Amino acid sequence: IDRVIGSSMDVALTRLGPGDAAVLASLAPEVLDASVDPAWLAAFLAEPGHIMIVARVDEVVVGQLAAIVHHHPDRPPDLYIDDLAVTPALRRQGIAQRLLDDAMALGTQLGCAQAWIVTETDNPPARGLYEGRDTEAASVVMYEYDL
C-alpha cells in the first residue's frame, strides 16, 4: 500500500484500493457493523467512485470511513459519506476528524461541490462531530425500502 496519508499519535490513515482487502483482516471492535464479506469488499474497492479510508494502529484497523462520489446529470458531483466509525476505545482522540478531513480533501480533488452524511437524531457524539465543522443539521425525512 503506497497511499499512506499521514500519521500522528501512532495512527496512520490509508486510502484503500483494489487489492488492499487484506488490510481489513485485523479489525478493532465496532469499526464495521458486521463481518467483512470478501466479495462485497472486492466489489466496493474495485469501483472508481468508491472511497475507503482506514485508520490503523500497529496494523490494526481502528477506524474507517466509506464514501461514494455521487454523480449527477445537472450539477457537480457530491461526496456521500456512507459510513464512519472508530473503535470505542479510541474515540474522542481526533481519528474521526482526521478521516473526515481526508475524505473532504479528496472530494474537493475529485470536483465534488459538497459532502453530506446522515446520522441518527439520537447519536450526540456523531452530531457533535459533524456540527463542529461549521454546518448545521438539515431537516430531512428518510425512507428505507427492503429489496
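In the predicted model, methionine 52 is in contact with Thr14, Arg15, Leu16, Leu24, Leu41, Phe44, Leu45, Gln64, Leu65 and Ala66, residues up to four places away in sequence being left out of this list. Met52 also belongs to the largest nonpolar core, which comprises 35 residues. Within this core, Met52, Leu65, Leu79, Leu84 and Leu99 touch the most other members. Two or more residues are contributed to the core by each of β2 (11–16), α1 (38–46), β3 (50–57), β4 (60–70), β5 (78–86), α2 (95–109) and α3 (124–131).

Helix α1 was examined next. Its buried residues include Leu41, Phe44 and Leu45. These residues lie on the same side of α1, because the arc that they cover around the axis is only 90°. An α-helix has 3.6 residues a turn, so residues three or four places apart point the same way. Among the elements that cover the buried residues of α1 are β2, β3 and β4. Leu41, Phe44 and Leu45 are also listed among the contacts of Met52. At the start of α1, the backbone nitrogen of alanine 39 has a side-chain oxygen of aspartate 37 within 2.9 Å.

Alanine 43 is likewise located in helix α1. Alanine 43 is classed as partly exposed because its relative accessibility is 45%, a value that falls between the limits of 20% for buried and 50% for exposed residues. Between the C-alpha atoms of alanine 43 and aspartate 102 the separation is 22 Å, the two residues being 59 residues apart along the chain.

In helix α3, the buried residues are Ala126, Leu129 and Tyr130. An arc of only 95° around the axis contains them, which means that they are on the same side of α3. The cover over the buried residues of α3 includes β5, α2 and β6 (114–117).

The largest pocket holds about 1,600 Å³ of space. Elements giving two or more residues to its lining are β5, α2, β6 and α3. Strand β5 makes the greatest contribution to this lining, with 8 residues. In total, 48 residues line the pocket, and those nearest its centre are Ile117, Val118, Thr119, Ala126 and Tyr130.

Terms used. Residues numbered from 1 in each chain as written. Predicted model: local features only at pLDDT ≥ 70, side-chain atom pairs only at ≥ 80, totals over all residues. Heavy atoms only, no water. Core = buried A, V, L, I, M, F, W, Y, C linked by side-chain atoms within 4.5 Å. Buried < 20%, exposed > 50% of the residue type's maximum accessible area, 1.4 Å probe, protein only. Helix = DSSP H or I, 4+ residues; strand = E, 2+ residues; numbered from the N terminus. Contact = heavy atoms within 4.5 Å. Arc of directions from axis to C-beta. Polar contact = N/O pair within 3.5 Å; in protein donor to acceptor, adjacent residues only side chain to side chain. 1 Å grid on protein atoms, 1.4 Å probe; cavity = no way out; pocket = protein on both sides within 12 Å on 5 of 7 lines; lining within 4 Å. Points joined across faces, edges and corners; volume = space filled by probe spheres on them.
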